[in-house]
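Colleague: Hi! Could you walk me through this one? I'd like to start with the overall make-up and then get into the packing.

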Amino acid sequence: MTSIRIFLTLSVSALILLISFLSAIRGYRESMVEAELLFDQQLLEHAKMLSLLNPSALSGGVRVVQDLVLPNVVNPELGDEMQIAYQIFTEQGGLILRSVLAPVTPMSPFEVGFREVNFSGYRWRVLAILDEEQSHWVLTAQRIDIRYDLAEGIILDAVVPTIITVPLAALLIWLFVSFGLRPLQTLARQVQAREASDLSPVRLDQVPKELTQLSRSINDLLRRLQDSFEREKRFAADAAHELRTPISILKVQVHNLLQELQSPSAQASARELREGIDAMGHLVEQILELNRTAPDQYSLRFQPLDLHALAQEVVSQDFDRILQRAQEFELEGESCWVLGDATALRSLLHNLLTNASKYTPQGGRLRLRVAPDGQGVRCSMEDSGPGIPEQYRERVFDRFYRLHGDQHDSGVSGSGLGLAIVKHIVDMHHASIALDRSALGGLQVLVQFPAAAGGRSTGLPEEAA
Amino acid sequence: MISAVIIVLREVLEGVLLICMLMASACAMGHRLRWLPPALIMGFAGALAYGLFLEPISMLFDGLGQEISSAVILLTTALALVVYSGMLAANATHAGSSGPASGVLLVCVTATTLSLLREGAEIYLYVYGYGVQAGQMASVLAGGTIGAGIGLSLGTFLYYGLRALSRKACLWASAAIAMMTGAAQVMQSTYNLEQADLLPSMQALWDSSVLVAESSPAGEILQAAIGYEATPTAVQLGLYAASLLLSLMAMLLGRLYAGKRRERKA
């Protein structure tokens, strides 16, 4: 069963069709029997009427008279043919009177009752009665084919509407079934149209009894999912606290150790220890960031933002690192607006910038450009580093993927999560990301944001205006 | 009108039983019903062409064209059903053992097209011959519609009834229907072959008209479903039994093949 609607429409229509058609056949058969009785009754009435004549007064040979014609208001074309042939005989079998259609010989044996016989090329229904008072036989007859056609014509008029109404009934069933299934479609639409982060209960007006259990189950499932996500978020916050604190203590202890150690070799070891702790701290921060920016974890607070201004803010925070590496940095572009989440976009720009700086040699060049582009905003981060060969460009968005084991000039190990975080944030903003070769000789990361609401990317967006 | 109901019902029932069984079992084997629309179109077009060109067709083979073409159509359908019953038995034993999907679809399309062609042509000839030429159009159309409606309703119930069964039960029930309708096609082909003098006309072995007359509604339905014949000859009975035996063998082979396939996989 692939469609409830088709199943219900077809099965109910088939049932109605079967019952109504079988009833039509039964009605047809019973009506035909009734019609036969009616015609027989007519033959009897005509025979009785003829017997009221005084045959003894009809002397002087056989008389031939016109056949009796039944008035036919239902089918006038049949009227002329619906004639009753008749004969009157003496009790001894002498023909006194006959109609034109009747033969000179008796149409049936002289036995009281109905009989079916053949004469004049047709099959006839013949009635013979004996008038004992006047001592003569009266025989009346009708053609069976005409009786049948007439009866069927009348009965078909009653049967045909039944046949015609069945498709109409099927159409109405289809409409009613569709109407009845509407709450199910509404429920399906509501569930389908939800954002990944929307776990609020599904609300339906006037839930039918059959759907109450299903909507309760869905809402129960959503509630459990919500609880589970909440627990995940709490875990992330707790883990952040629990991991950051010992790392900070370790950092302080290493700092003190460095101060206290006299031997140069011991100091070198302690410095390595400090670098290891720094790398671990960075890794913990990145894992937490990745977790926070996962689409199913992140609670979006979208608002119109000037991406260029945001880039200036991020650059000012990270400028020390660039200076330390004696790198040349340019920020280009102009004020341009996107609809986005400020925290997430700061993280995106920060990751792009630190990635570029980290993988670019000392004294290299970096260029960040944020500018309107067509209907959207284009953010491009370029560097003069080694770049990424084309065959690895898809894989670098995978978590913990590090190109060539992450050997680069900076000597600082990466976590392999920076671009994975960037990709999360790009997806969350329905933007696109592409890697290319930069004019500076290294890598160019291009992020294309869609237009902010109102289709404008420059100046103030409509919401902010 | 009643005669039109019975004649059309018998023809429609023959086709509908077969097609609904094919539809339900193909779905149970995991195939979609994409094969159905082209088969229906080819079947109806073929029926119309057969009805329109009946006269030249009849003139073939020294005036035996109609009998021989009918027998060929019936026997081809029966052969397709024998193969199909084997496929169904294989799939019922071990899912996915019914051979390539194109084979299943080819059998479905062949059986549907040929069945529709023959039944459609017979209905067309009846409606045209009795309705148009004998001036009984109203009663033939009314009776024909009622007969077709009842046949389609029963087909709908058969389809959903088979679909309501478990996959295995649906496939075995379909195999049984394929076997019986295949034998019915063979039985009908024997009339045509006897008329064409390709089979000897023999004395009937018995006469069960007293129990169920062929012309009664029950007789017509039994004839459509299982090829009921009140006065069968030895040749007819032998061919009927051979057809049943062939289907049973195909089912057995299908079952054996699927069993081995399952063992290999295990």
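Colleague: How many helices and strands does chain B have?

Modeller: Chain B of this predicted model has 9 helices and 0 strands. From the N terminus on, its elements run α-α-α-α-α-α-α-α-α.

Colleague: And what share of chain B counts as buried?

Modeller: Of its 266 residues, 53% count as buried. As for contacts in chain B with a separation of 6 or more, 79% of them come from residues 24 or more positions apart.

Colleague: Nice. Which residues touch the most other members of the largest nonpolar core?

Modeller: That core has 48 residues, and the ones touching the most other members are M21(B), L22(B), W35(B), Y84(B), C108(B) and Y159(B). The elements giving two or more residues to this core are α1, α2 (36-52), α4 (65-93), α5 (101-133), α6 and α7 of chain B.

Colleague: Which of those gives the most?

Modeller: α1(B) does, with 16 residues.

Colleague: Let's zoom in on L22(B). What is L22(B) in contact with, leaving aside neighbours within four places in sequence?

Modeller: The partners of L22(B) are W35(B), Y84(B), C108(B), A111(B) and T112(B). There's also a second, separate core of 45 residues, which includes V315(A), L349(A), L435(A) and F449(A).

Colleague: Back to α1(B), then. At what angle do the axes of α1(B) and α7(B) cross?

Modeller: Helix α1 (residues 2-28) and helix α7 (residues 167-195) of chain B have axes that come within 9 Å and cross at roughly 150 degrees. Angles over 145 degrees count as roughly antiparallel, so that is what α1(B) is relative to α7(B). The crossing is left-handed.

Colleague: Which residues meet there?

Modeller: On the α1(B) side, E14(B), L18(B), M21(B), A24(B), S25(B) and A28(B) take part; they meet α7(B) residues including R167(B), C170(B), L171(B) and I177(B). By class, the contact has 8 nonpolar, 4 polar and 2 charged residues.

Colleague: Changing topic: how do α3(A) and α6(B) cross?

Modeller: The axes of α3 (residues 144-180) of chain A and α6 (residues 137-164) of chain B come within 10 Å and cross at roughly 40 degrees, which makes α3(A) oblique to α6(B). This crossing is left-handed.

Colleague: And which residues meet in that one?

Modeller: E152(A), L156(A), V159(A) and I163(A) in α3(A) meet A138(B), S139(B), A142(B), T145(B) and I146(B) in α6(B). That contact divides into 6 nonpolar, 2 polar and 1 charged residues.

Conventions
Residues are numbered from 1 along each chain as its sequence is written. Chains are lettered from A and ligands numbered from 1 in the order in which they are written. This is a predicted model: local features need pLDDT of at least 70, side-chain atom pairs count only at pLDDT 80 or more; totals for chains, interfaces and linings use all residues. Side-chain values use heavy atoms; hydrogens and water are left out. Axes are lines fitted to C-alpha atoms, for helices over the stretch in contact, and angles run from 0 to 180 degrees between N-to-C directions. Helices (H or I, at least four residues) and strands (E, at least two) are DSSP runs, numbered from the N terminus. Angles under 35 degrees count as roughly parallel, over 145 as roughly antiparallel, 65 to 115 as roughly perpendicular and the rest as oblique. A crossing is left-handed if the near helix is turned anticlockwise from the far one by less than a right angle, and right-handed if clockwise. Contact means heavy atoms within 4.5 Å. Ala, Val, Leu, Ile, Met, Phe, Trp, Tyr, Cys and Pro count as nonpolar, Asp, Glu, Lys and Arg as charged, and the others, Gly among them, as polar. A nonpolar core is a set of buried Ala, Val, Leu, Ile, Met, Phe, Trp, Tyr and Cys residues joined through side-chain atoms within 4.5 Å. Buried means under 20% relative accessible area, exposed over 50%, partly exposed in between (1.4 Å probe, protein chains only).
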